Amino acid sequence: MSLIEGLFDVSGKTVVVTGGSRGIGYMIARGFVEGGATVVISARKAEACDEAARELSEFGTCISHPADLSTDEGIESLVAKVAEISPTLDVLVNNAGATWGAPVDDFPAAGFDKIFDINVKAIFLLTQKLLPQLRSAATEEDPARVINIGSIDGLVVSGSENFSYGASKAAVHMLTRKLAATLAGEQITVNAIAPGPFPSKMMAFLLEDEQSAKAVADSVPLGRVGTPQDAAGLAIFLASRAGAYLTGAVIPLDGGASGAR
C-alpha cells in the first residue's frame, strides 16, 4: 500500500466553514469544495453568503446558510441545517469573527462584549451543539476535526488599537487546547490556525494603498502576504489523513512574522 496515496484527500467529507463568504473563510471553503467535500458556508449577511456559495458551486458542492452566530438563534439554525444535510460532520472550521479598534481611553465595553461573543463564545457553543454529528463521524483512523481560526494578534503584540480582538484570539488559542484535551479520547481533534496578513476585509485598509501594502509585505520575513493556497493548504492538511495525529496545536500561518517579533 502506498504511503502517500490519499494522504491529503478530503473528498466525500462534510465540512462547515463559518464566515465563509469572504477572506480566509472563503479561501478555505474553496479549497474543500475543489477537494471534493460537501461544504456548508455561513455568514451574517444573506446576500453575500448566497453569492459566495454560487461562486464556489462552480467548483463542486457548496451550500449557503446565512446565520448570525453571535446569537443562540443563529447557532441553532446552522446546527439544524447541518443535520438536514448529513447525520455526520467531518470538519468544522470556526472562522467567523470580528474586530474593533479604538484608542485605549475611548475603547467601549461594547467593544469587548461584541468581539468576545462572536470570536470566542460562538466557537464554543457551535462546537458544543455540533458534537453529536462530530462524534458520529469520528473514527480512530479518521478523527473528526475542529479547526479554529485564531490570529498572530493572539500570539504577539501588534501596534493596532484592537484591544478586544487580540485578547479574544489569545482566548481562542487556549480554548482550542482545552477542547483538544477534552475531546481527544472521542477521536475529535481540535487545532487552531493563527494567520498573519492575508487579503481580507480586516486588512483592506492596509492593502488597498500600494505604499502601505508594501510596508505590510516587508514586515513579513517571507516578503509577502498570504494567498488562498496558503490558507486552504493548511486547513486541508489538518482535515486530511496527513493531519490525523495532530491535536491541540496553534499553528502560525504568517510567513514568519510572529517568530520575527
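In the predicted model, the side chains of Lys-129 and Glu-76 meet in a salt bridge at 3.7 Å, N to O, a salt bridge being a side-chain nitrogen of Lys or Arg within 4 Å of a carboxyl oxygen of Asp or Glu. This pair links distant parts of the chain, 53 residues apart, with Lys-129 in helix 4 (residues 110-129) and Glu-76 in helix 3 (residues 72-85); helices are DSSP runs of H or I with at least four residues, numbered from the N terminus. Lys-129 is partly exposed because its relative accessibility is 36%, and Glu-76, at 42%, falls into that class as well, where buried means under 20% relative accessible area, exposed over 50% and partly exposed in between (1.4 Å probe, protein chains only).

Residues are numbered from 1 along each chain as its sequence is written. Because the model is predicted, local features need pLDDT of at least 70 and side-chain atom pairs count only at pLDDT 80 or more, whereas totals for chains, interfaces and linings use all residues, and side-chain values use heavy atoms, with hydrogens and water left out.

A search of the whole structure finds 10 salt bridges, among them that between Lys-214 and Asp-218 (2.7 Å, N to O), both of which lie in helix 8 (residues 210-218), 4 residues apart, or about one turn of the helix. Lys-214 is exposed, at 53% relative accessible area. Asp-230 forms a further salt bridge with Arg-224, with the closest N and O atoms 2.8 Å apart; Asp-230 is partly exposed at 24%, as is Arg-224 at 39%. Lys-13, Asp-142 and Arg-145 are joined in a network of salt bridges.

Note on methods
Helices (H or I, at least four residues) and strands (E, at least two) are DSSP runs, numbered from the N terminus.
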